[in-house]
2 protein chains.
Amino acid sequence: MTTKGTDKVNIADKFSLFDELWTPKVIAQMNQVQFKLVKIHGEFTWHSHEHTDEVFMVISGHMTIELRDKTIALSAGEMFVIPKGVEHKPYAQELCQVMIIEPQGVINTGDTGGALTAENDVWI
Amino acid sequence: MTTKGTDKVNIADKFSLFDELWTPKVIAQMNQVQFKLVKIHGEFTWHSHEHTDEVFMVISGHMTIELRDKTIALSAGEMFVIPKGVEHKPYAQELCQVMIIEPQGVINTGDTGGALTAENDVWI
């Protein structure tokens, strides 16, 4: 089921459709920019995205984004733009629901790859 | 005060900084895409954006987006992508807080212009 540009999207309803961690699901697209939902818990891998900025917007819960020079703590209703090329490591002590906004085609593990790499461009 | 890429952004805090209606304020930017907050109440003008899609995400309250062939009702936690070139008229019976996501340079009244046209690219 996709909602590509034809219907409104209820963010909570979309979160209820999956339980997997660290696997972004696309819920909307504006031009070439995708809006993805992801559930996170625990520690992700250090990575960066060479060609694009990336937005994390926390929908519920708390998370941190570790950068090499500081740590950003985000709660529901807060967002942060990770600049292009900046290494970052997301972490959530408890389950956290996040919206990621970034161009179509961006891979979740960026230039690092590895076991946490999720299938890309999966719509719900 | 801007937060261009250096700090986290708290959406509620940013809404507390202004009361004007129909005047989008930029709070973040990802590549060339801007995240704008706007307070709306009453009826806007029919307009379209020839060159881009536009996202409305309701943060608090309720709004409708009238299209020529249907009306989209949005509440907090819901979003809608208005496709490029599609005429739309936002409306809110009571005060509603909205995040708009669209490329830098998009004018709020699109191809229509008029008295409701807001200054563009204003950061808070």
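In this predicted model, Trp22(A) counts as buried, with a relative accessibility of 10%. Phe44(A), at 6% relative accessibility, is buried as well; the cut-off for that class is under 20%.

Over all chains, a search of the whole structure gives 4 aromatic pairs. One of them joins Trp22(A) and Phe44(A): the ring centres are 4.6 Å apart and the planes stand at 25°, so this pair is stacked. The reason is that planes under 30 degrees apart fall in the stacked class. Trp22(A) belongs to the loop between helix 1 (11-15) and strand 2 (25-30) of chain A, while Phe44(A) belongs to the loop between strand 3 (33-43) and strand 4 (54-60) of chain A; the pair therefore ties together parts that are 22 residues apart in sequence.

Charged side chains also lie over aromatic rings, as the table lists for chain A and chain B.

| Charged residue | Ring | Distance from ring centre |
|---|---|---|
| Lys39(A) | Phe18(A) | 5.3 Å |
| Arg68(B) | Trp46(B) | 3.7 Å |

In the case of Arg68(B), the charged end sits over the ring of Trp46(B). Lys39(A) lies over the face of Phe18(A).

How are the two chains related? Chain B is superposed on chain A by a rotation of 180° with 0.0 Å of shift along the axis, and the RMSD is 0.0 Å. This is the relation of a two-fold axis. The contact residues of chain B recur in chain A at 100%, and both copies are served by the same surface. Which residue of chain B comes closest to the rotation axis? That residue is Val33(B), with its C-alpha at 4.3 Å.

Technical notes:
Residues are numbered from 1 along each chain as its sequence is written. Chains are lettered from A and ligands numbered from 1 in the order in which they are written. This is a predicted model: local features need pLDDT of at least 70, side-chain atom pairs count only at pLDDT 80 or more; totals for chains, interfaces and linings use all residues. Side-chain values use heavy atoms; hydrogens and water are left out. Rings of Phe, Tyr and Trp (its six-membered ring) pair if their centres lie within 6.5 Å; planes under 30 degrees apart count as stacked, over 60 as edge-to-face and the rest as tilted. Helices (H or I, at least four residues) and strands (E, at least two) are DSSP runs, numbered from the N terminus. Buried means under 20% relative accessible area, exposed over 50%, partly exposed in between (1.4 Å probe, protein chains only). A charge sits over a ring if NZ of Lys or CZ of Arg is within 6 Å of the ring centre and within 35 degrees of the ring normal. Copies are superposed by least squares on the C-alpha atoms of residues with pLDDT of at least 70 in both. Contact means heavy atoms within 4.5 Å.
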